[in-house]
Amino acid sequence: MFVNTFWALVPPILAIALALLTKEAYSSLFIGIVIGALFLTGFSPVATVDTIINDGIVPATADNAGIFVFLVILGIIVALVNRSGGSAAFGRWAEKNIKTKTGAALATFALGVLIFIDDYFNCLTVGSVMRPVTDSHKISRQKLAFLIDATAAPICMIAPISSWAAAVSSTAEDLDTGISGIQLFIRAIPYNFYSLLTLFFIVVLCVMKVDFGSMVSYERKAQEGDLGGLPETEEEKIVSTKGKMIDLVVPILFLIAICTIGMVYVGGFFGVDAWGGTDYAGDFIGAFGNTDAFIGLPWGGIIALVFTVIWVVARRILTFKESMECVKTGFFNMVPPILILTLAVSLKSMTSSLGAAEYIHGLMEGAATGLYAMLPAIIFIVACGLAFATGTSWGTFGILIPIVTAIFPADSQLLIIGISACCAGAVCGDHCSPISDTTIMASAGAQCDHVSHVSTQLPYALFVAAISFVCFVIAGFVHNPVICLALGAVFIVGALFVIKNKMKTA
């Protein structure tokens, strides 16, 4: 009764609705897990508990152990550079050199664009580096979380060298399209309207100095001194006066470099065949396509952590004992995102077991008849809904790309547009969903309440999504990405001018 039907989407939809209504993520996600387990077991009490533990929480913990380790490592590194005074020194430098609030927001955006390798790494690194800067210019943590989140996934989705490019190209690699997976990904980039227009939207939003939705109240509070961040612990308030800007810059640059090396090492770039498959010695792009971020990031993170401890002790900023106190602080700071991520992944497992993929497949086959030119726009909406309900971009295009390639002729322009619509919708739904891992990482990076981040980002994501939908409708008939993107850019600027003028007169 519940499997392979609309009921498969009820648990995540219920969890998301509860999270937005109650502003409480843990209980909302757990209720969604329980409902999913009840559906799977036919409301058998004992079997439901077994399913929650054996098919939900335990596998979620085991499968994500690598990213949990990286979260804790990064939390400790952030605690170290904060305790050493490096973050405070960087904040003072930024206050002198980045003169305006707009400049601070654009600097956050620019750093996010530069770190295009992986969205998890992007969210956490940009957050830790830019928090002192945005704090000094009274940008709310919710706005910082939006800037992080809205840059991370979109830039990874249009970068040929990224973990997302590897995921999309590997999904499309073995399908009968006549094009290699990476070529298909690259050809789809100009039509990825949501990702491209989101990046454009951020710049225009910052330059025009306009906000709307619930973000307005958080930004007003930030101007009064309430940044909306999570409360600091007593340990975090203890900061060395010996720290300099170099004490943040060097550990972060080392972290970026060593994590990049770790990811290509795991992918076989150095001739080490990590997976027992193809050897990608010397092939940077191939190694990225073969890597696993859940192993590569902890690999680099551990080395970066050891380096950071040696750095602060050797510079006599902190003693070894003080450095070890940061281990506890960093771990505690990462407990909330680890808990939310565990519950979110458990909920995804319930949704998958209930046959959400099969249900969506049936809907797409039904939509294919008589709506050919409109299909890219329909695919975009379906991908948005699936990613929103399941909280996974990768799972969404993993489900939909094989369906898209079955609908459109091989090497046709509509096939390219359809793949783009699938990827764009996956990113959009990911931005809107409270159970998305990237959204959770953005909240962790900005150190703000997770549900407040989702509620403030939602109007912005839906704004760009509406314009992207129009672009996909036009693209289905015009097949020209330049025209569609130009129209989308005009719509964004025009709509923001209207919103700004209305807010002035309100």
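Which helices are included in what covers the buried residues of H16? I will come back to that after a few words on the model.

This is a predicted model, in which local features need pLDDT of at least 70 and side-chain atom pairs count only at pLDDT 80 or more, while totals for chains, interfaces and linings use all residues. Residues are numbered from 1 along each chain as its sequence is written, and side-chain values use heavy atoms, with hydrogens and water left out.

Let me begin with the chain as a whole. The protein chain has 24 helices and zero strands, where helices (H or I, at least four residues) and strands (E, at least two) are DSSP runs numbered from the N terminus. Of its 506 residues, 56% count as buried, and here buried means under 20% relative accessible area, exposed means over 50%, and partly exposed lies in between, with a 1.4 Å probe and protein chains only. Contact means heavy atoms within 4.5 Å, and among the contacts in the protein chain with a separation of 6 or more, residues 24 or more positions apart account for 80%. The accessible surface of the protein chain comes to about 19400 Å², of which 68% belongs to carbon and sulfur atoms; these areas come from the Shrake-Rupley method with a 1.4 Å probe, and for residues only the protein chains shown count as cover.

Now to helix H16, residues 293-314. At 1.5 Å a residue, its 22 residues should span 32 Å, and the end C-alpha atoms are 31 Å apart, which agrees; the expected span is 1.5 Å times one less than the number of residues. The buried residues of H16 include Gly296, Pro298, Gly300, Gly301 and Trp311. To answer the opening question, what covers the buried residues of H16 includes helix H4 (65-83), helix H7 (119-136), helix H14 (246-266) and helix H17 (320-353). After H16 comes arginine 316, whose phi is positive, near 60 degrees.

The side chains of arginine 315 and aspartate 247 meet in a salt bridge at 2.6 Å, N to O. Arginine 315 lies in the loop between H16 and H17 and aspartate 247 in helix H14, so the pair ties together parts that are 68 residues apart in sequence. Arginine 315 counts as partly exposed at 33% relative accessibility, whereas aspartate 247 is buried, with a relative accessible area of 0%.

A second salt bridge joins arginine 83 to glutamate 325, with the closest N and O atoms 3.1 Å apart. This pair links distant parts of the chain, arginine 83 being in helix H4 and glutamate 325 in helix H17, 242 residues apart. Arginine 83 is buried at 10%, and glutamate 325 is partly exposed at 34%.

Leucine 496 touches Phe201, Val204, Leu205, Met208, Val210, Phe212 and Phe463, not counting residues up to four places away in sequence.

Finally, the surface. Val470, Phe477, Val478, Ile483, Leu487, Val490 and Phe491 form a nonpolar patch with about 590 Å² of accessible area together. Patches are made of residues with over 30% relative accessible area and no salt bridge, with like charges joined within 9 Å and nonpolar side chains (Val, Leu, Ile, Met, Phe, Trp, Tyr) within 5 Å. Helix H23 (450-478) and helix H24 (481-505) each supply at least two residues of this patch, and the largest share, four residues, comes from H24. Leucine 487, found in H24, counts as partly exposed at 32% relative accessibility.

Conventions
Salt bridge = Lys/Arg side-chain N within 4 Å of Asp/Glu carboxyl O.
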